[in-house]
Amino acid sequence: MEAAKAAGIRRYVMVSFLGAAKENLPPEDDSFFAYADAKVAADEHLRTSGLTYTILQPGMLTLDEPTGQVDVLDAVPDDGNTSVSRGDVALMTAAVLADDATANRTIAFRNGGTPIAEAIRS
C-alpha cells in the first residue's frame, strides 16, 4: 500500500475473506488464525491508508467454472453456503476496478444469481 502511494497509484483492490473482522477471528491455536489476523489487519490498514480502495470478501474458494453471477452479502449466511469460484473472484476484481461506484467499499459475496456488473452496484 505504501509502495502504491509512493508510485502515485490511487486505486487499490484487495481480496480478503468473507467475515474478515476481529470479532470473527478463530481461536489463536487454529491453523487459520495467523492468516485471518493478518488479513483483518491489512483490511483495516487499507481503509485508513488514503488510497481509493475496494475490499473484496469472497466466501470459500472453489475450482468450479466461473458463472459471472454472485450474491452480495451483508453477513456470513446462516445456511453455510459461502462458496465462490476462483474465476468469479477474478471477474469481480476486474469489475470493481472498472467501476468507480465501488470506491471505498467492502463487498462480501458468494456465487449466486446476480450478474457481477449489477451485483457490485447494490
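Start with helix α2, residues 33-47. Helix α2 lies across β1, β2 (52-58) and β6, at about 155 degrees to β2. Axes are lines fitted to C-alpha atoms, for helices over the stretch in contact, and angles run from 0 to 180 degrees between N-to-C directions. Helices (H or I, at least four residues) and strands (E, at least two) are DSSP runs, numbered from the N terminus.

Next, helix α3, residues 86-97. Helix α3 packs on the sheet and touches β1, β2, β4 and β6. Its direction makes about 160 degrees with that of β1. Contact here means heavy atoms within 4.5 Å.

A word on provenance. This is a predicted model: local features need pLDDT of at least 70, side-chain atom pairs count only at pLDDT 80 or more, and totals for chains, interfaces and linings use all residues. Residues are numbered from 1 along each chain as its sequence is written, and side-chain values use heavy atoms, with hydrogens and water left out.

Now the sheet. It is open, with 5 strands in the order β1-β2-β6-β4-β7 and mixed pairing. Pairing takes at least two DSSP bridges between two strands. Strands β4 (residues 69-73) and β6 (residues 105-111) run antiparallel, joined by 4 bridges. V70 stands opposite N111 in β6.

The core has 12 residues in all, including L56, V70, M92 and F109. Such a core is a set of buried Ala, Val, Leu, Ile, Met, Phe, Trp, Tyr and Cys residues joined through side-chain atoms within 4.5 Å. Buried means under 20% relative accessible area (1.4 Å probe, protein chains only). M92 touches L56, V70, I107, F109, I116 and I120, not counting residues up to four places away in sequence.

Conventions:
Buried < 20%, exposed > 50% of the residue type's maximum accessible area, 1.4 Å probe, protein only.
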